[in-house]
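Look at the sequence and the model below.

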Amino acid sequence: DKSLRKYAKNSNILIGTAIESIQLEDIKFAETLKREFNYITPENSMKWGFIHSKRYEFDFDRADKIVDFALKNNMKVRGHTLIWHIENPEWLLKLENDTSVNFENILAYHIKTVVKHYKGKVYAWDVINEALEYNRYKETFWYKNIGEDYIEKALKWTHKEDPNAKLFINDNMIEEINPKSDFLYELVNNLLSKNVPLDGIGFQFHLKLNNSLDMESVEKNIKRFLELGLEINFTEVDIETEGELTEEKLEKQATIYKKLMILVKKYDKVTAFTTWGLSDKYSWIVREYDNKNPGLIFDEEFNPKLAYYKIKEILQLP
Ligand code: G3I
């Protein structure tokens with residue numbers, strides 16, 4: 001057995017990918033998934049719009065299928081996500097500006113119901129997703145209706161419902177040291193000083209081949225969050241390429257994947273590496289931008305790409 005997950009396990013790393021339940025019906029997909037990965041993020045099915053599309057009803061079917069598959073195959077689950085400004089149901093958005101509504105109760109009820117349903121089954125929650133904008137809070141539905149406290153309240157409610165689940169704040173463009181990651185750093189430092197339950201930060205890493213990151217800055221940034229006692233997950237890695245796919249581009253892409261995996265391997269508390277989709281066949285970038293080269297580690301036929309081998313090369317180091 002020379003799978004990614006075998007080497008990942010030996011180095012205590014979670015190697016994950018984001019999936020939709022319907023993809024499990026694709027036999028090649030399911031085979032590859034359980035052979036190579038030990039961590040699964042439901043790509044959409046735990047978002048409000050899917051799990052709580054009617055005010056007084058929850059629909060756990062799709063997410064349950066994913067969670068059951070994961071547990072049956074000895075994989076861990078990343079719950080994604082309890083709070084986001086996107087993919088919220090109509091019924092919720094319609095309540096905006098209604099002064100008779102208690103928004104805290106609505107949010108607490110959602111968190112309580114979902115977290116309870118998956119208690120002991122979801123290993124880590126993205127409690128908060130993409131709550132920041134440049135160097136400040138994003139003025140989302142929850143920010144406007146509850147205030148900036150919604151973040152710490154949500155963390156506390158989640159922890160209360162499942163004290164063993166790891167709680168994360170997940171965001172994009174916080175990989176390097178920049179105004180956004182500075183703001184996040186201050187924010188979490190403050191949460192921790194108030195003993196708000198928080199275990200880690202999710203760095204998304206949605207990258208494009210042509211604007212690559214300053215890896216030195218990424219590493220410095222990782223270090224400062226680790227020094228706060230937090231862990232880090234790489235949560236949504238993909239490296240999109242534009243134009244025709246050439247050997248050269250594949251190599252460049254593989255090198256970036258490798259550099260990212262080196263960081264995961266190097267720091268004990270960088271505990272997970274998740275790609276945002278398993279194969280190019282199902283990537284959101286194909287659906288959303290009609291770009292056939294979303295830059296995952298398996299091609300449309302589920303053949304491993306160069307990036308796959310580069311990752312493995314690092315994973316199997318002693
Ligand atoms: O399920 C409906 C289906 O019933 C309908 O017929 C179809 C028509 O378009 O839409 C389906 O919903 C789509 C859903 O994905 C499931 O495929 C939504 O329109 C579409 O907007 C949604 O996109 C997802 C996006 O988040 C918004 O929720 C992407 O798949 C998903 O990859 C993306 O993931 C996000 C992370 O959660 C957070 N970080 C960024 C990342 C990429 O945007």
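In this predicted model, strand β4 (residues 124–129) runs parallel to β7 and is joined to it by five bridges. Within this pair, Trp 125 stands opposite Leu 167 in β7.

Strand β7 also has a partner in strand β8 (residues 200–203): four bridges link the two, again in the parallel sense. Here Asp 171 stands opposite Phe 203 in β8. To get from β7 to β8, the chain passes through helix α9 (residues 179–193), and this β-α-β crossover is right-handed.

Is β7 (residues 166–171) enclosed or open? A residue counts as buried if 20 or more other C-beta atoms lie within 10 Å of its own. Six of the six residues of β7 are buried, so the strand is largely enclosed by the rest of the structure. In a regular strand, side chains alternate between the two faces of the sheet. In β7, Lys 166, Phe 168 and Asn 170 lie on one side and Leu 167, Ile 169 and Asp 171 on the other; all are buried, and both faces are covered.

Now consider the whole chain. It has 13 helices and eleven strands. Its radius of gyration is 19 Å, close to the 20 Å that the globule rule gives for 318 residues, so the chain is as compact as a globular protein of that length. The C-alpha trace spans about 60 × 40 × 40 Å along its principal axes. Of the 318 residues, 40% count as buried. Among contacts with a separation of 6 or more, 76% are between residues 24 or more positions apart.

Definitions and conventions:
Residues are numbered from 1 along each chain as its sequence is written. This is a predicted model: local features need pLDDT of at least 70, side-chain atom pairs count only at pLDDT 80 or more; totals for chains, interfaces and linings use all residues. The radius of gyration is taken over C-alpha atoms; the globule rule is 2.2 Å times the number of residues to the power 0.38. A residue is buried if 20 or more other C-beta atoms lie within 10 Å of its own, exposed if 12 or fewer, and partly exposed in between; C-beta atoms are placed from the backbone. Two residues are in contact if their C-beta atoms, placed from the backbone, lie within 7 Å. Two strands pair if DSSP finds at least two bridges between them. A crossover is right-handed if, with the strands pointing away from the viewer, the path from the first strand over the helix to the second runs clockwise.
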